[in-house]
Every structure is written in structure tokens, then in C-alpha cells.
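Please give me a short report on this protein structure.

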Amino acid sequence: MRRLLLVAALASCSPAGPGYAPPAGKRGVTVPVAPGQARYLQPGDTVELVVLTDGTRPDGAPDPRSESVAPDAEVLRVDAAWSKENALVQVALTPAQAQWVALALDLERKLLLHELARPRAALSRARAASPAALGPGRVGAAVVAHPDQVEFLSPGQRVDAVLTRAGAKGAKEELVARVAVQDALVLGRDQARSEEEWASVQLAVTPEEAKVLAEAAGAEDPLLLLLRAPGDAATAPVEPVRSDARLGRSGEPQSPRL
């Protein structure tokens, strides 16, 4: 997996309050940001999610560029003291926007949250999930994920899974992100014990989806978990996105091509 473990020490306390559930049609996406980015945010705020890319001018000098990935995302949960290095903010994004976040994280691009002057979002409070059990025709697939991806998850919730993979051979080729699993039941989760470990989560998926996840694990493809709204079981194809379209290539950062 290309993404680095940046957690210096996981916080022993859990985030304050249950937060909000994502609205129907959107997904709860947990993003790591600098603590200062989360200090002034509360659940219910609306933010613009921006990715900072490492552009280069023709003369070779650095030329950072910002790219708006989500112009208006509802803040669902905030953990401003998750670790010494990062805060966590869960925001409500469309599945397509979540794929861009997956690429940004895999490319180690910096994420910024700009609070917008808007009325507080009309969101439903998050509720305790129902007990999780493996149903007929499903298998329990255990996968590893970055610790921040399981921090706000509980058994009984339902998630989508976004995978990123190199689009072609070679370090300078583009990355591709795709929603590979939809509406999977969370059976269990195990948080990492230190910054050197990955967390794990067990998902109830079809045998075909289990094969996809197993092949992704073999290829060390990073995994982004998207929390679904309660009762939202709708599934539909999501067009994959490629990194060089907006965020530059893996191993060769560049300004976005708009």
C-alpha cells in the first residue's frame, strides 16, 4: 500500500457525541487533516473540500495548485485530537467525489476544509446500528485498512468500498479509483494498536465481491470505506476516475489539467 501510516499515537479517547448520519444518496467519508483544519468545525457545518496538488512551473519552481473536489460537503463527525499528527473529519460526499478523495489520499495530497457561511445542515442524528449477522449467500471477508477508516465504524453499519490501483505498469502511470463493493454489512472491526499496524474490518459480501477484495489485498490496493445512510440500499454503477485528470500522476506530481 502506497499510503503512509502517519499516526504518531492513536488517541485513547473517542470522539465527542454520536455525530450525524450521511443523507440519502451520499456517503460518510473520513478524511485525515491537519489539526488546525478541524479545530473550528462542528458536526452540521458545511465545508468545501479542497485538494492541494504539487504543481511545477516551466522553470522547475514549485507551483502548488488547489482543486475543489466537493464544493459543499456536510460535516458529520469531528475528532480534533485523533492523533498527534492528524485530526479526523467525516464529511458527506457523493460516491464520485469519494473516489477523488481516495486518489488524493493514495497520492499523499494534502486535504483542506474551508467552512462555508451557510445554515447548519438538516441532518439526522447517527443511531446505534442493529446487531450484525452473516446472511445467506454472503461470506465474511476480512480486509485491512488505514486506522482512520475504521474509527467511526461500528458493526451493523453498511458501507461501500473504493479501491485505487495503478492504471498501467510503471510508477509514473495514472491511478484509477473505483467503487468496487456497494452496500456491504460491517460484521466487525479491530482498531490498530500502534502507528505501525493496520486496522481490520470484516464485511459481509457476495463471493464475487470477496474475490475482488482478495485480489485487491494481494495487489496492496488502498481501501477507502464509505459509510451509507441508514436504510439506503440503492446501488448503481459509478464511473471510475483517473488521477491524471485532476490530481497529477503517481510518482510525477503535476498541476491539475482543468
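Arg 158 is partly exposed, because its relative accessible area is 34%. The model is predicted, so local features need pLDDT of at least 70 and side-chain atom pairs count only at pLDDT 80 or more, while totals for chains, interfaces and linings use all residues. Residues are numbered from 1 along each chain as its sequence is written, and side-chain values use heavy atoms, with hydrogens and water left out.

**Salt bridges**

Arg 158 forms a salt bridge with Asp 183. The term means a side-chain nitrogen of Lys or Arg within 4 Å of a carboxyl oxygen of Asp or Glu. Arg 158 lies in strand β7 and Asp 183 in strand β8 (residues 175–190), so the pair ties together parts that are 25 residues apart in sequence. Helices (H or I, at least four residues) and strands (E, at least two) are DSSP runs, numbered from the N terminus. Asp 183 counts as buried, at 12% relative accessibility.

How many salt bridges does the structure hold? The count is 11. Three of them are listed here.

| Salt bridge | Closest N and O atoms |
|---|---|
| Arg 27 with Asp 160 | 2.7 Å |
| Arg 158 with Asp 183 | 2.8 Å |
| Arg 138 with Glu 209 | 3.8 Å |

Take the pair Arg 27 and Asp 160, which form a salt bridge. Arg 27 sits in strand β1 (residues 27–33) and Asp 160 in strand β7 (residues 158–166), so the bridge ties together parts 133 residues apart in sequence. Both Arg 27 and Asp 160 are buried.

Now the pair Arg 138 and Glu 209, also a salt bridge. Arg 138 is in the loop between β5 (110–115) and β6 (139–145), and Glu 209 is in helix α3 (residues 207–218), so this pair ties together parts 71 residues apart in sequence. Arg 138 is partly exposed, with a relative accessible area of 33%. Glu 209 is buried, at 15%.

**Around Gln 202**

Gln 202 is in strand β9 (residues 199–205). Is Gln 202 buried or partly exposed? Gln 202 counts as partly exposed, because its relative accessibility is 33%. Contact means heavy atoms within 4.5 Å. Leaving aside residues up to four places away in sequence, Gln 202 touches Gly 140, Ala 141, Ala 142, Leu 185, Val 186, Leu 187 and Gly 188. Val 186 is 16 residues from Gln 202 along the chain, and their C-alpha atoms are separated by 6.1 Å.

**Ser 83 in its loop**

Ser 83 is in the loop between β3 (65–79) and β4 (87–93). Ser 83 is buried, with a relative accessible area of 10%. The side chain of Ser 83 reaches the backbone nitrogen of Asn 86 at 3.0 Å.

**Helix α2**

Helix α2 (residues 95–106) has 12 residues. From its first C-alpha to its last, α2 reaches 17 Å, close to the 16 Å expected at 1.5 Å a residue. The expected span is 1.5 Å times one less than the number of residues. α2 is mostly covered, as 11 of its 12 residues are buried. Among them are Pro 95, Trp 100, Leu 103 and Asp 106. Glu 108 follows α2, and its phi is positive, near 60 degrees.

Terms used
Buried < 20%, exposed > 50% of the residue type's maximum accessible area, 1.4 Å probe, protein only. Polar contact = N/O pair within 3.5 Å; in protein donor to acceptor, adjacent residues only side chain to side chain.
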